[in-house]
Amino acid sequence: MPTDGRALVLGGGGVTGVAWEIGLLHGLAQCGVDLAGADTVIGTSAGAAVAAQLTGTTPLADIYAAQIDNVPGGIPARIGVGPVVRLLVASAWPGDRRHGRAWLGRAALRAKTMSEAERRAVVERRVPDRRWPDRRLLVTAVDAETGTDVVFDRDSGVTLIDAVAASCAVPLVWPPVTIDGRRYLDGGVRSVANVDLAAGHGRVVVIAPTTSALRRTDRPHVQAAALGVPNVVVTPDAAARAAIGPNMLDPARRAAAARAGRDQAESIADRIRAVWQ
């Protein structure tokens with residue numbers, strides 16, 4: 001467990017969340033704040049996809065350019081009322097929260113979605129690097145059958161693509177991901193950003209496209225404050241929220257969300273620099 005150093009936490013938020021995070025990271029780099037130098041990067045759901053790219057070999061400018069490219073990418077989807085209700089019920093489950101997550105997992109295992117192979121191909125297009133980085137990268141997921149939290153890293157024996165696909169497996173929307181005979185759900189089922197995993201670091205920056213959580217202790221701002229170290233939590237500003245739109249799984253909003261993230265970076269660069277440097 002680290003006792004110092006800098007942690008970058010990238011939270012969940014769908015296709016538009018991926019774009020906004022990448023735009024923000026690119027804009028910050030242009031302002032002289034390079035978060036890619038984090039000692040530990042923690043990725044959840046959309047943040048896992050961003051983390052895998054950020055710690056890879058592709059230049060950040062190229063990653064950003066891919067987001068604003070008009071070439072279609074991803075498969076349009078929408079989180080309906082039913083999945084949202086189930087997510088809320090699971091997050092508010094009394095007692096051992098693993099039971100709520102397992103209840104949601106069972107529903108996800110029964111749901112009719114695209115195949116795992118189709119979904120994995122989407123993730124592969126988003127994450128061109130296939131190897132875990134040398135630096136510490138943590139990717140969150142949840143066991144669909146037991147509700148147990150899982151954190152994948154380069155020592156877990158799991159491929160980077162499988163880890164990211166599992167972390168992005170939104171229940172009832174995308175299929176749970178099979179790894180060594182187990183099925184896994186989106187890491188956001190545990191917490192939208194899993195900021196608490198940054199414990200032990202001396203400085204923490206959280207980039208969270210969404211902060212929604214019924215339990216106060218699951219909210220990124222609350223988890224960051226509980227770390228007791230210098231930190232900053234960045235969420236979309238009004239312009240970014242408008243660009244992201246109501247459906248975070250709409251790839252048509254990707255370019256606008258990326259540009260909004262880049263534009264927002266200038267207004268927050270000094271706040272982040274004060275913590276990071």
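Trainee: Is R120 buried or exposed, or in between?

Mentor: Relative accessible area under 20% is buried, over 50% exposed, and in between partly exposed (1.4 Å probe, protein chains only). R120, at 28%, is therefore partly exposed, and E124 counts as partly exposed at 26%. This is a predicted model, in which local features need pLDDT of at least 70 and side-chain atom pairs pLDDT 80 or more, whereas totals for chains, interfaces and linings use all residues. Residues are numbered from 1 along each chain as its sequence is written, and side-chain values use heavy atoms, without hydrogens or water.

Trainee: What do R120 and E124 form?

Mentor: They form a salt bridge (a side-chain nitrogen of Lys or Arg within 4 Å of a carboxyl oxygen of Asp or Glu). The closest N and O atoms of R120 and E124 are 2.4 Å apart. Both residues belong to helix 6 (residues 116-126), four residues apart, about one turn of the helix; helices (H or I, at least four residues) and strands (E, at least two) are DSSP runs, numbered from the N terminus.

Trainee: Which parts of the chain does the pair R182 and E145 link?

Mentor: That salt bridge, at 3.5 Å from N to O, links distant parts: R182 lies in strand 6 (residues 182-186) and E145 in the loop between strand 3 (136-143) and strand 4 (149-152), 37 residues apart. R182 is partly exposed at 30%, as is E145 at 42%.

Trainee: How many salt bridges does a search of the whole structure find?

Mentor: The search finds 12. R101, D149, R190 and D196 are linked in a salt-bridge network.
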